[in-house]
Amino acid sequence: MADLNSVKQFLRDYDGPEMNIMEVCGSHTASIAKNGIPSMLSKRIHLLSGPGCPVCVTPSSYIDRLIELSLTPGMCVVTFGDLIRVPGSAGNLAEARGRGGRVKMIYSPMDVLPMAEEDRKTVFVFAAVGFETTTPVYALLMKEITEKGIDNIRLLTALKTMPPVVNFLCESGAKIDAFLAPGHVCVVSGYRGYEPIAENYSVPFGVSGFSGPELLITLCALVRDRGRGVVRNYYPLVATRDGNPGALKLIDQYFEEAPAYWRGIGMIPGSGRVLRDQYRIYDAGSRDLTEDRKANPACRCDQVLTGKLRPYECPLFGKVCTPMTPQGACMVSQEGSCFSYLANHRRD
Ligand code: SF4
């Protein structure tokens, strides 16, 4: 492996063709900003944020459904904190709580189990949002629910998988020359799924860790691999080609592939997971979610998530839209591109 100083020098002095490299994963976006990586790159290397923050790609119809459930007598929505401020088509869960909606915040999906066991008269709806990384935990939750015979928990799922959306970006002609493949996702599901995309579109993928040096080494390799349809693993201690078979088997036991709606992008076939038919009684309407309407029509999350616009190019960025007053989902989570750019004063 090249030494770090020569990697830095290569990236700083690069004067070849302009390169757009997409960091697909929200954790990569956050780490790139925190490590000041854009300032270490030649002006000919451009980093673009992608659709890899789960909260950011959750469609407004999902939030609308959670709001409706929170206001339904006898029901209580249980969620991670991030989701509470994500805008639906008209308002968010925090506002619904102000109108009497029942919304509880938790830190682990398993926290819903004692809640449900203590209050049998309430139906608890867990907001299961995420990519391949969090889906095994939701499968474990389902295992506990079914084995313990708990009948007052439902899941509203917005579970997504990465390769179909990356394929969608390539298919739609996005100007992306290389991808930083999501390291955490590859730990669970492997990187085999990116191989046909790399080959079809002649774009390199680099599976990367999250530290500054790991990111720099992967970026350097991607620049050198420009135009080659290859997938290389620079996170070999934990990521493998086939992923974690135990986690994949557990996911497969409870969930099946389905179409999914992505905020600002629309429906992508086969890019989601929903509870299998035999577990439908635990579902709170996940298969019925469709449309995606912006709360603020001026929000540009759709372009930010597809790498067409940098967050600071949105006219609302840092003015009308801040972490305290988010107008779009990308300004809510720490993994959201707009939040990350604003919090770290990132200008590429
Ligand atoms: Fe949407 Fe705010 Fe980002 Fe603009 S800055 S794209 S309004 S989240």
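Two residues are in contact when heavy atoms of each lie within 4.5 Å. The model described here is predicted, so that local features need pLDDT of at least 70 and side-chain atom pairs count only at pLDDT 80 or more, while totals for chains, interfaces and linings use all residues. Residues are numbered from 1 along each chain as its sequence is written, and side-chain values use heavy atoms, with hydrogens and water left out.

By the contact criterion, Ser 337 touches Thr 29, Ser 49, Gly 50, Val 304, Pro 311 and Cys 330, not counting residues up to four places away in sequence. Ser 337 belongs to helix H13 (residues 337-343). Helices (H or I, at least four residues) and strands (E, at least two) are DSSP runs, numbered from the N terminus. Ser 337 has a relative accessibility of 3% and therefore counts as buried. Buried means under 20% relative accessible area, exposed means over 50%, and partly exposed lies in between (1.4 Å probe, protein chains only).

Strands of a sheet pair through backbone hydrogen bonds, either parallel or antiparallel. In this model, five strands form an open sheet in the order S2-S1-S7-S8-S9, with parallel pairing. Strand S2 (45-52) and strand S9 (231-233) are the edge strands, each pairing on one side only. From one strand to the next, the twist averages 20°. Two strands are taken to pair if DSSP finds at least two bridges between them. Strand S8 (residues 205-207) and S9 run parallel and are joined by three bridges. Phe 205 has Val 231 in S9 as its bridge partner.

Helix H2 (residues 26-34) touches strand S1 (19-25), S2 and strand S7 (178-181), and its direction makes about 120° with that of S1. Helix H7 (residues 162-171) touches S1, S2, S7 and S8, and its direction makes about 130° with that of S2. For these angles, axes are lines fitted to C-alpha atoms, for helices over the stretch in contact, and values run from 0 to 180 degrees between N-to-C directions. In H7 the buried residues are Met 162, Pro 163, Val 165, Val 166, Leu 169 and Cys 170. These residues lie on the same side of H7, because they cover an arc of only 165° around the axis. The arc is that of the directions from the helix axis to the C-beta atoms. After H7 comes Gly 173, with a positive phi near 80°.

The whole structure contains 16 salt bridges, each defined as a side-chain nitrogen of Lys or Arg within 4 Å of a carboxyl oxygen of Asp or Glu. In one of them, Asp 151 pairs with Arg 120, the closest N and O atoms being 3.5 Å apart. This pair links distant parts of the chain, 31 residues apart: Asp 151 is in the loop between helix H6 (135-148) and strand S6 (153-160), and Arg 120 is in the loop between helix H5 (112-118) and strand S5 (123-130). Asp 151 counts as exposed at 51% relative accessibility, whereas Arg 120 is partly exposed at 44%.

A salt bridge also joins Arg 287 to Glu 256, with the closest N and O atoms 3.0 Å apart. Arg 287 lies in the loop between strand S11 (266-275) and helix H12 (301-305) and Glu 256 in strand S10 (residues 255-262), so the pair ties together parts that are 31 residues apart in sequence. Arg 287 is partly exposed at 34% relative accessible area, and Glu 256 is partly exposed at 23%. Through shared partners, salt bridges join Asp 252, Glu 256, Arg 276, Asp 277, Arg 280 and Arg 287 into one network.

Rings of Phe, Tyr and Trp (its six-membered ring) pair if their centres lie within 6.5 Å; planes under 30 degrees apart count as stacked, over 60 as edge-to-face and the rest as tilted. This rule gives nine aromatic pairs. The rings of Phe 210 and Tyr 235 are edge-to-face, because their planes stand at 75°, with centres 5.9 Å apart. Phe 210, in the loop between S8 and H10, and Tyr 235, in the loop between S9 and helix H11 (245-254), are 25 residues apart. Both Phe 210 and Tyr 235 are buried. The pair of Tyr 312 and Tyr 341 is tilted, at 5.9 Å centre to centre and 45° between the planes. Tyr 312 is partly exposed at 22% relative accessibility, whereas Tyr 341 is buried at 1%.
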